[in-house]
Amino acid sequence: MPDTSPPRLVVSGLSRAFGGAPVVDDVSLEVAAGQVTCLLGPSGCGKSTTLRMIAGVDRPDRGSIRIDGRLICDTTTFTPPEARSVGLMFQDFALFPHLTVAQNVAFGLGTDRAARQRRVEELLERVNLSGYGPKHPHQLSGGEQQRVALARALAPRPRVMLMDEPFSGLDNRLRDGIRDTTLEVLKEEGTAVVLVTHEPDEAMRMADEIALMRGGRIVQRGAPYNIYNKPVDKAAAAFFSDINVIRGTSRGALTDTPFGAFLTPGFADGAEVEIIIRPQHLKIDFDRGGRGPNPTAQDGTPARGVLQRARYLGRESLVDFRMDHDGSILTASVPGVFLPKPGTALWLMIRRDRCFVFPVSR
Ligand SMILES: Nc1ncnc2c1ncn2[C@@H]1O[C@H](COP(=O)(O)OP(=O)(O)OP(=O)(O)O)[C@@H](O)[C@H]1O
């Protein structure tokens, strides 16, 4: 039987202005039980304000919020935060220092002692901290404290979990492991999650769906694969990685470039376009006595450039070229170690299936 129950969380047309300046502008979201939606965007784009309205610590000027189909907030209704069944986790999550780990986790639970104890043990096991119950927060590492905070937030079985940059206070080396543990626990608990982050890697790692925000609006929503591979515009592409931009003019639905002609359907004759390509989708070939490889349907025509700088970053090498045709700099990334000397002439080709074409943005 198809599931006809409403999504766990439905946010419709949420808007908020401060001093007349819109900060959140017509934001809509649906999050199903067991799903993680990441609000992703640069600092100041309105992510935290959106989260605060869902939490009930701020009120929207317009729009509505529903949990399990129940209206908890619109311009006339306001359910207080503690009655929303919402769990919160923020960057500066503070455990109660005078309480033990077990008491921290049990904090929001009811009065049935045995049930409390069962839930605390269950959660400490889930976050791999069985046996830590009697310790105090100061005896724990930052990562362990973070896991206790997660257990505490999840203990009352919130219908929706709201997380604002929950990992940003942690050491880089700890982060990936804690992200994975957190995701596993959230999935086991089956709660709907809205996670705010400004880090694309974190969103790609955690999210079932990414809502990309800019200037208070959601500019694109979708699975990480789609957001990365079908960005709505140049800025959306650039948010996830360095990009290369090649400009041209569309004629007869084609744009001629030193890398051959690109299909640019839907553009009027004379329209200026930008062809966007990520560094990992540039292919490099060696110079064969002043010539590159032969053009192919997939990679187009090679164009010659002179290596300016090559850097080894561990997993890959990043190589900057000054292109012969116009002196522009293009950046290619190559898996592993690739460190030719500056001044080396090489040929670049562009993976046609990996390009995005947009109107010129000024
Ligand atoms: N209570 C407030 N009064 C006035 N301005 C506010 C208030 N809260 C937020 N703002 C402003 O709204 C804008 C968006 O803030 P918000 O915290 O939602 O952004 P964000 O995307 O979460 O960014 P960050 O990652 O830096 O927190 C900012 O310009 C901020 O200064």
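The model is predicted.

Entry on strand E19. I looked up its pairing with strand E15 (residues 282–286) and found that E19 (residues 345–350) pairs with E15 in the antiparallel sense over 5 bridges. As one partner pair I noted Asp285, whose bridge partner in E19 is Trp347. I then checked strand E16 (residues 303–312), which runs antiparallel to E19 and is joined to it by 4 bridges. Here I noted Gly305, which stands opposite Leu346 of E19.

Entry on the ligand. Which residues are around the ligand? I listed Phe18, Val23, Gly41, Ser43, Gly44, Cys45, Gly46, Lys47, Ser48, Thr49 and His198. By class, I have 3 nonpolar, 7 polar and 1 charged residue in this shell. Helix H1 (residues 47–55) gives the largest share of the shell, 3 residues.

Entry on helix H1. I next asked how many of the 9 residues of H1 are buried. The count is 8, so the helix is largely enclosed by the rest of the structure. I used the cut-off of 20 or more other C-beta atoms within 10 Å for a buried residue. I wrote down the buried residues of H1 as Lys47, Thr49, Thr50, Leu51, Arg52, Met53, Ile54 and Ala55. Lys47 and Thr49 are also among the residues around the ligand. Last, I looked just past the end of H1, where Gly56 takes a positive phi of about 95°.

Methods: Residues are numbered from 1 along each chain as its sequence is written. This is a predicted model: local features need pLDDT of at least 70, side-chain atom pairs count only at pLDDT 80 or more; totals for chains, interfaces and linings use all residues. Two strands pair if DSSP finds at least two bridges between them. Helices (H or I, at least four residues) and strands (E, at least two) are DSSP runs, numbered from the N terminus. A residue is near a molecule or strand if its C-beta atom, placed from the backbone, lies within 6 Å of it. Ala, Val, Leu, Ile, Met, Phe, Trp, Tyr, Cys and Pro count as nonpolar, Asp, Glu, Lys and Arg as charged, and the others, Gly among them, as polar. A residue is buried if 20 or more other C-beta atoms lie within 10 Å of its own, exposed if 12 or fewer, and partly exposed in between; C-beta atoms are placed from the backbone.
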